[in-house]
Amino acid sequence: MMAFGSGLATVFGGSGFIGAQAVRALAKQGWRVRVAVRNPVTANELQPLGDVGQIQLMRCDVTKAEDVARALKGADACVNLVGVLHETPGRGFHKMHVEAAETIARAAKAAGVGRLVQVSAIGAAPDSPSLYNRTKGEAEAVTRSIRKDAVILRPSVVFGMGDSFLNRFAGLATMAPVLPLIGGGETKFQPVYVGDVAEAIAQAVVRPDAAGRTFELGGPAVYSFREILQLILRETGRGRLLAPLPFFAARMLGSLAQLPALVGIRPMLTRDQVVMMQADNVVAPDAEGLAALGIQPTGLEAIAPAYLWRYRVGGQFADRPAF
């Protein structure tokens, strides 16, 4: 179903983990894709995802209204994937989530862009105790205040090759004898495959009936944090102790661990991420999800082994432990 035909779609933040897959999905639908990124040189690997000339890289600073307007010139649709997992100097949550979303929504409205897709997160709420979720919620609100027909997608934790969740703890398991069960490991997650999120974005762009709706994206199964760590250890063949770490202690640890972010180094954990873990990250019972977009969710066990093997002793050809 191609409501807008094979037109031009601008993707902001298209060089990231989810963005690259979204660009591929849109290109498969026949869209010309303009990828608006801060540094196009770092996104050259996106161009082979489509036919020759189908994917265009464009320099864009989303904090500058004139750059955003230029990136949306002639566009029929746009996707906002701009976001940060932790704050760094000059790139805080409010600037990159709320201000960027407002700038993009206003420019999309002014340019007459037919469809705006805002990628948010499960847990986004203006009153959230987490600064990440709070600014994601504020970004949703400001987007809808400008474009009532905007489509909002809220994924749970996203997994896949290059993710920052399973890879993070698998990497930690190669170095540390103990993995922390933050809050006792009881927080629930509904991990969603990056390919399914990308397809949801592509469907949100073309389906007329998606206008003005919010979709929460989760996989077919819910896991506790403990179960996710156990899966990682099984797949990597690492025997590690899982030690409960109370939330108050984890918050203090996160405050120290996020100090490298002050000089632009990705921290292993932040205080705000610990705060987020104090609430389950699953699709709400009454929420519309992947099924409403015609997508069958992909299970974690079907994908994770294909990239967690690199953390095994002996690598890809090491014996996998029996379940």
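Buried means under 20% relative accessible area, exposed means over 50%, and partly exposed is what lies in between (1.4 Å probe, protein chains only).

**Ground rules.** I'm working on a predicted model, where local features need pLDDT of at least 70, side-chain atom pairs count only at pLDDT 80 or more, and totals for chains, interfaces and linings use all residues. Residues are numbered from 1 along each chain as its sequence is written, and side-chain values use heavy atoms, with hydrogens and water left out.

**Entry 1, a pair of charges.** I began with D149, which counts as partly exposed because its relative accessibility is 28%. R147 is at 7%, so it counts as buried. The two form a salt bridge, with the closest N and O atoms 2.8 Å apart. For that term I use a side-chain nitrogen of Lys or Arg within 4 Å of a carboxyl oxygen of Asp or Glu. By this rule I get 12 salt bridges.

**Entry 2, the sheet.** Next I traced the strands. Helices (H or I, at least four residues) and strands (E, at least two) are DSSP runs, numbered from the N terminus, and two strands pair if DSSP finds at least two bridges between them. I read an open sheet of 7 strands with parallel pairing, in the order β3-β2-β1-β4-β5-β6-β11. At the edges I find β3 (55-59) and β11 (214-217), each pairing on one side only. On average, neighbouring strands of this sheet are turned by 20 degrees against each other, direction ignored. For such values, axes are lines fitted to C-alpha atoms (for helices over the stretch in contact), and angles run from 0 to 180 degrees between N-to-C directions.

I then looked at strand β6 (residues 151-155), which runs parallel to β11 and is joined to it by 4 bridges. Here R154 stands opposite E216 in β11. What do the side chains of E216 and R154 form? I find a salt bridge, the closest N and O atoms being 3.2 Å apart. The partners are 62 residues apart, with E216 in strand β11 and R154 in strand β6. Both E216 and R154 are buried.

Helix α3 (residues 93-111) lies across β1 (8-12), β4 (77-80) and β5 (115-119), and runs at about 175 degrees to β4. Helix α4 (residues 131-146) packs on the sheet too, touching β5, β6 and β11, and its direction makes about 170 degrees with that of β5. For contact I take heavy atoms within 4.5 Å.

I found S128 in the loop between β5 and α4. Buried or exposed? S128 is buried, with a relative accessible area of 10%. Leaving aside neighbours within four places in sequence, S128 is in contact with G123, N133 and R134.

R312 sits in the segment after α11 (305-308), E235 in helix α7 (residues 225-236), 77 residues apart. R312 and E235 are buried.

Helix α5 (residues 166-173) packs on α7 at an angle of about 60 degrees, with the axes 10 Å apart. On the α5 side I noted L166, F169, A170 and A173, and on the α7 side F225, I228, L229, I232, L233 and T236.
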